[in-house]
Amino acid sequence: MPVFLLFANFLLAQQQQGGCHITLQGKVLDEHNKEFLPYATVLIKNRGLAVVSDSLGMFSFQNLCAGSCVLVAKHIDCEDVTITFNLSVDTVIAIYQEHHTKELQQLVISSQRSTVQQSLNLATIGRREMESNAGKALGEMLKEVSGVSSLQTGNSISKPVIHGLHSNRVLILNNGVRQEGQQWGNEHGPEIDPFVADKITVLKGAAGVRYGPDAIGGVVILEPAILRDSAGYDGVIHMAGASNGRQGTVSGLINGNIKALNGLNFRLQGTLKKAGNAHTPDYYLKNTGFNEKNFSAALAYQKNNYGSEVFYSRFNSTIGIFSAAHIGNLTDLQRAFRSSVPLDTAGFSYEINRPYQQIIHDLFKWKSYINLNKAGKLTYTFSRQHDNRAEYDKHRPRNDSVAALNKPELTFIIHTLMHEVVYDLQHHRKFNLQAGAVSMHQANSYEGRYFIPNFINRGWGSFIIENYKYRHFFAEAGIRYDERKLRVFLEQNGFITQPYFRYSSLSGLIGTGFNFEKFDVKLNFGSGWRAPSANELYANGVHHGAAAVEIGDENLTRENNINTALWLGIKPQKKLSGEIEVYQNNIQNFIYLLPVQPATLTIRGAFPTFRYTQINAVLRGADVQLKYSINNNLQLTVRGNYLYAINADDQTRLTQMPQNMIEPTLTWEPKLKINKISDLFFKVSYQMFDRAPLLGNDEDYVMPPPGYRLLNTNAGFKFKLHRQFCTTGISINNALNTRYRNYLNRYRYFADELGTNVLLYLKIPIHFKS
C-alpha cells in the first residue's frame, strides 16, 4: 500500500489562519527507492484544481482556502494515491507511490536500469553532489564515490579510476551508449557533458559479462531524466562560477510533451563553459584555459507496449596544454624536475595558445523497444560516434604561411558504429533473464606526424545472465563470449604492411547475496579479459597532451582477470549506517606504462619516456563509507579507500596507482524554515592522502610526492522564486590553500595542484503553461 508522510510547516510570521492565502507544496516519490517521480499529476479533487510535478517531482498550490482537501496523485504505471486531510496552515507533503517496476522498465529510456549483475557494488552520485560539483569535469565529479579517483592531466583533463584501473578498462555509458573516442590516452578525458545526466551510477568490479571486455574495472553509467509522460513543458537552468581560473558555466534544458501528438516527447539541452589560466597557491599555470560548447537533443515516441527514441549530442572543447610541460632540451628538462616552480610562467589570461587540443565528438543513437507481454521485452539500439581530435604542438612549423601556422601537427579521427539487441524476460516469478548480442565496427585514421597507426577494429559479442530472487536471497550467473579483430596499417620503407590480430575469450559471473533485517551481504566472482589497443601495440612518439614519449610493444598479449568482491551494507539503524567492500583483482598480462631512462630529445623538445610492458598484477583493496547520526541535525560520515597493487612476479609496488585516502565529513542540516528558504545544509570535510609508494630513483623521473591534507567546505539551500523552488550553494575546495602534488597528475613533474577554488552554483527550474 502507498505510504505518505504529512507534516505542517508552521511559519509563525507568515502563517495565515483561515482565508485564502494558504500554500500547499510537496514532492512525489517512488515508495521503493525514494527517487523523485517527475511529471506526476496532482489534483485537489474536491476543489477542481490540478498541477503537474516538475522534473524533480515537486509541485505547489497557491492561495488556497482553509478546509477539507482530497488530494489525489497520479503517475503512469503507479497506483493512485488519495489523501484526505484538513488544510489550515501552509503545509508541505511528501507522497510515496507504489510503482509497477516491470511496466516502468518498458518506459524508462536507459536500459541500464535493469536488475542484472545485482551482486556488483553499485554507488550513485546524489543530486546534491552533482549540483555542488556543477561545472566540473566528469572525472572530478566521480571522486565523490568511495574507491573512485581521477587520473589527471593538468587542471582541465580528468578521467575516472576505479580500484586502480582506468581508460580502456573502465567503460563509460553515455545515455545507454558505450563512449568511444580516443579514450586510450591518459590525457584524453571523456567527451561528455555531465549536464546531460540526471543520475550517475558507478558499478565497481568486473562487469564484462553485461558490458564487454572494456569493463574489467567497472562501469560509469550516465542516465538522463525520463522524458515527460504528460502534456506540457518545463526546463531548468544551471549556472556556476569558479574563482580559480575565473571559470563560468551556464547550461540549459527544456523538456516537452506535445499534447496534440499523444506520446511524443522531446528534450533540448546545451552548455557553455569558459575558464582561463588556473592558479596554484603560488603561481599561475600558463596556457591552462579551456572552453566548451555542447549541445544535445532527444525525441521519443512512447506507448505502453512499444516506443522509439533518437538522441544526438555534440561535445566541442578547446583545451590549453600547460606550456611548462613542453621543454626544449634535456638540460632544461632536468632543471624542471628539480625546480619547485615551473620554468615557464605567466599571469592570468583567457587566451589559449599553442600547445592546445581541439576535440569535437558527435554521438547519434536510435533505440526502439517492444513489450511482448508475458514473452518479455525486446530492445534494439544503434549508435554512431565520430570523434575528431586535433593536437597543436608548442613549436610551430617553420613554414611561414598562415595556413601552416593554423594547421594541427596531428589529427586523430575515429568513427564507430554499434548495434545491440537485448532481450529481457521475467519467468517463473522468481527468475529474470537477460540475453543480448552486440557488434562494433571502428575505424581510426590520422594526419600529420606519427604517434599511433591507422587501424580498423571489429568486434562482436553475446551474453546471457540469469537472476534468481526468493525472499531475502538472490543469486545470479552469466557468461559472455567476445571476439575482437584488429587490422593495423603501417608505413615502412615506402610500403604499407597490415599486421592482423584476433582475440577472443569468455567472461563469467557468479554472484549471490542476502538481505537481512539490519544488513545486506553480496559476494561476486567475475572473470574478464581485454585485448591490447593499437596505442599499446604501436605507439611511438610524442604523446602531446601527456608531454611524454610513449613506446608500444607489438608482442603484447591479452589481459585476463579474476575479480572477487565482498560487500557489506549496514542498513540505517538508530545512529549508524554505511557500507564496506573488500576486493582482490588478479590480472594476468597486465599492461601498463613503465617509466624508462633516459628522457628522449626530439625536434619538438625533451620529454620523459614511457614504454608499454606486461606483468602479472594483483590489486587488493577496501572501500569504506560509514555514517553516524550525532543528533537529528548533525551527521558524521567517514569514507576511505585503500589499495595495495603489486607486481606478482617480483612483489614490487606498481606505479601510477591512487594514493590511499580517508575523509571524515561533518554535515549539519538544521530543520529551519526561514521565509521561503528550506533544505539548508553545511558540510565540512578533511581529506587525508597517504604518500604514494616509494620507488627506486631509476624507476621514475621524480620521486612520488608526499601525502597531503585538504580542507573542503560546502553549503546550500533551496528558496522559492516566483513559484519555482531554486537551489543555490557554495563550495570551497582546498580552503586552506595547501600546496601539494597529486601522484595521478601527469604534470606533477612540473607543477603543484590548484590552490583555493570557490565555486558558486545556482539551479533554476522553469515551468511553462501547457
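**Reading a predicted chain, feature by feature**

Student: Where I see helix α5, which elements are included in what covers its buried residues?

Tutor: Keep in mind that this is a predicted model. What covers the buried residues of α5 includes β33 (576-602) and β34 (605-629).

Student: Which residues of α5 are buried, and how should I read their arrangement around the helix?

Tutor: In α5, which spans residues 330-338, the buried residues are L333, A336 and F337. Seen down the axis, these buried residues fall within an arc of 100°, so they line one face of the helix. The face turned away from that buried side carries T331 and R338, which are exposed. At the start of α5, a side-chain oxygen of N329 comes to within 3.1 Å of the backbone nitrogen of T331.

Student: Before I go on to side chains, how much confidence does the model carry, and where in the chain is confidence lowest and highest?

Tutor: The score to read is pLDDT, which runs from 0 to 100. The chain averages 87, and 91% of the residues score at least 70. Confidence is lowest in helix α1 (residues 101-107), with a mean of 30, and highest in strand β36 (residues 661-668), at 97. Over residues 1-19 the pLDDT stays under 50, although the model has 41 contacts for them beyond four places in sequence. The pLDDT is also below 50 over residues 100-116, a stretch with 52 contacts in the model beyond near neighbours in sequence.

Student: How many aromatic pairs does the count come to, and how do I read the geometry of one?

Tutor: One reads the distance between ring centres together with the angle between ring planes. The count comes to 27 aromatic pairs. In one of them, the rings of W460 and Y481 have centres 5.5 Å apart and planes at 55°, so the pair is tilted. W460 belongs to strand β25 (residues 454-470) and Y481 to strand β26 (residues 473-492), so that the pair links distant parts of the chain, 21 residues apart. W460 counts as partly exposed at 39% relative accessibility, and Y481 likewise counts as partly exposed at 26%. Y749 and F750 also form an aromatic pair, this one edge-to-face, with 6.1 Å from centre to centre and 80° between the planes; both residues are buried.

Student: Which residues do ring pairs link into a cluster, and which charged end sits over the ring of W567?

Tutor: The cluster linked by ring pairs is made up of F431, Y468, F473, F514, F516 and F519. As for charges over rings, the charged end of K522 sits over the ring of W567, 4.7 Å from its centre. R746 lies over the face of F610, at 4.7 Å from the ring centre.

Student: Is R748 buried or exposed, and what is it in contact with?

Tutor: One checks accessibility, then the partners of the side chain. R748 lies in the loop between β39 (724-733) and β40 (757-768). With a relative accessible area of 7%, R748 is buried, because buried means under 20%. The side chain of R748 reaches the backbone oxygen of Y743 at 3.3 Å. If its neighbours within four places in sequence are left aside, R748 is in contact with D700, V702, M703, P704, P705, R741, N742 and Y743.

Note on methods:
Residues are numbered from 1 along each chain as its sequence is written. Side-chain values use heavy atoms; hydrogens and water are left out. Buried means under 20% relative accessible area, exposed over 50%, partly exposed in between (1.4 Å probe, protein chains only). Helices (H or I, at least four residues) and strands (E, at least two) are DSSP runs, numbered from the N terminus. The arc is that of the directions from the helix axis to the C-beta atoms. Contact means heavy atoms within 4.5 Å. A polar contact is a pair of N or O atoms within 3.5 Å; within protein, one must be able to donate a hydrogen and the other to accept it, and residues adjacent in sequence count only if both atoms are side-chain atoms. Rings of Phe, Tyr and Trp (its six-membered ring) pair if their centres lie within 6.5 Å; planes under 30 degrees apart count as stacked, over 60 as edge-to-face and the rest as tilted. A charge sits over a ring if NZ of Lys or CZ of Arg is within 6 Å of the ring centre and within 35 degrees of the ring normal. pLDDT is the predictor's confidence in each residue, from 0 to 100.
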